[in-house]
Amino acid sequence: MRYFFIAQDTNLSHTIQYRDFDIFGGRHLFIREDANQLNDVVALYLTGNGKEAIWDFLQRPVTMFSERFRKILDAYEPDLIFKEVVLIHKENSLQYRYVHTLMEQVDAVGKSTEYYPDGSVKRLVLDNNKIGRHNLFLLKGSQRKDPVVSLALAESLLRRKPCGLCFEEVEVE
């Protein structure tokens, strides 16, 4: 099986701007075990002229997919937990619905992974046996916090012509 890191495309023009968050600043990573500590619905306010590009995948301030991908994600990874996020452009009476996607952390780093002397990852290799049947997950203990998606899920997302997604293939042993 082939796997990919999925990341937010930060090079798109006309990006949304949060009223209270810097989209290029730090991000918060929540996992499934954090579900009880989070609100079921959160509203975030936007600034700008209301004509910004609305992406289908956001990583800042948290990992969010647009609402239109919720059923697809749930079909491939039924144990995901979703929290509603509404992005509100108050001045232009616009709302955009997202799902904060809480994924499982999987210890899927393979034995062939190479490290620098300081312990950081030089070449990441995933262990297919450790991944099991997961199609969307986070690497446990890894320095890279981008979600990992299977080829099947990546293809399913790409068929819907998403905006703001970048994929980077990861080696698998």
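1. Largest cavity. About 40 Å³ of space lies in the largest cavity of this predicted model. The structure holds one cavity of 30 Å³ or more. Its lining is made up of Arg32, Glu77, Asp79, Leu80, Leu102, Met103, Glu104, His134 and Leu136. By class, that lining divides into four nonpolar, one polar and four charged residues. Two of the lining residues, Met103 and Glu104, also turn up among the contacts of phenylalanine 137. Point 4 takes up that residue.

2. Second largest pocket. How much space lies in the second largest pocket? The volume is about 150 Å³. Phe5, Val121, Leu124, Ser142, Gln143, Arg144, Glu168, Glu169, Val170 and Glu171 form the lining. Strand S14 (residues 165–172) supplies the largest share, four residues. The classes here are four nonpolar, two polar and four charged.

3. Helix H3. Which residues of helix H3 (residues 151–158) are buried? They are Leu153, Ala154, Ser156 and Leu157. Viewed down the helix axis, the buried residues of H3 fall within an arc of 160 degrees, so they line one face. As a general point, an α-helix has 3.6 residues a turn, so residues three or four places apart point the same way. The packing partners of this buried set are strand S1 (3–8), strand S5 (64–66), helix H1 (70–76), strand S12 (136–139), strand S13 (148–150) and S14.

4. Phenylalanine 137. This residue sits in strand S12, one of the elements against which the buried residues of H3 pack. Is phenylalanine 137 buried or exposed? Phenylalanine 137 counts as buried because its relative accessibility is 0%, and the cut-off for buried is under 20%. Setting aside residues up to four places away in sequence, phenylalanine 137 touches Tyr3, Met103, Glu104, Val106, Ala108, Ile131, Pro147 and Val148. Take valine 106: it is 31 residues from phenylalanine 137 in sequence, yet the C-alpha atoms are 6.6 Å apart.

5. Phenylalanine 167. Strand S14 holds this residue. Phenylalanine 167 is partly exposed, at a relative accessible area of 26%. Neighbours within four places aside, phenylalanine 167 is in contact with Phe4, Phe5, Ile6, Val149, Ala154 and Leu158. Ala154 is one of the buried residues of H3. Phe5 is one of the residues lining the second largest pocket. Between phenylalanine 167 and valine 148, 19 residues apart along the chain, the C-alpha separation is 9.3 Å.

6. Glutamate 171. Strand S14 also holds glutamate 171, which is among the lining residues of the second largest pocket. With a relative accessible area of 39%, glutamate 171 is partly exposed. Which residues does glutamate 171 contact, leaving aside neighbours within four places in sequence? They are Arg123, Leu124, Val125 and Leu126. Leu124 belongs to the pocket lining too. With arginine 123 there is a side-chain polar contact of 2.8 Å. Phenylalanine 137 is 34 residues from glutamate 171 in sequence and 16 Å away in space, C-alpha to C-alpha.

7. Glutamine 8. Strand S1 contains glutamine 8. S1 is one of the elements that the buried residues of H3 pack against. At 7% relative accessibility, glutamine 8 counts as buried. What lies 2.5 Å from a polar atom of the glutamine 8 side chain? It is the backbone nitrogen of glutamine 59.

8. Positive phi values. Two residues belong under this heading. Serine 93 is not a glycine, yet its phi is positive, about 55 degrees. Serine 93 lies in the loop between strand S6 (81–89) and strand S7 (94–102). At 68% relative accessibility, serine 93 counts as exposed, the cut-off being over 50%. Lysine 161 has a positive phi near 50 degrees, again in a residue other than glycine. The loop between H3 and S14 is the place of lysine 161. Lysine 161 is exposed, with a relative accessible area of 70%.

Notes:
Residues numbered from 1 in each chain as written. Predicted model: local features only at pLDDT ≥ 70, side-chain atom pairs only at ≥ 80, totals over all residues. Heavy atoms only, no water. 1 Å grid on protein atoms, 1.4 Å probe; cavity = no way out; pocket = protein on both sides within 12 Å on 5 of 7 lines; lining within 4 Å. Points joined across faces, edges and corners; volume = space filled by probe spheres on them. Helix = DSSP H or I, 4+ residues; strand = E, 2+ residues; numbered from the N terminus. Nonpolar A, V, L, I, M, F, W, Y, C, P; charged D, E, K, R; others polar. Buried < 20%, exposed > 50% of the residue type's maximum accessible area, 1.4 Å probe, protein only. Arc of directions from axis to C-beta. Contact = heavy atoms within 4.5 Å. Polar contact = N/O pair within 3.5 Å; in protein donor to acceptor, adjacent residues only side chain to side chain.
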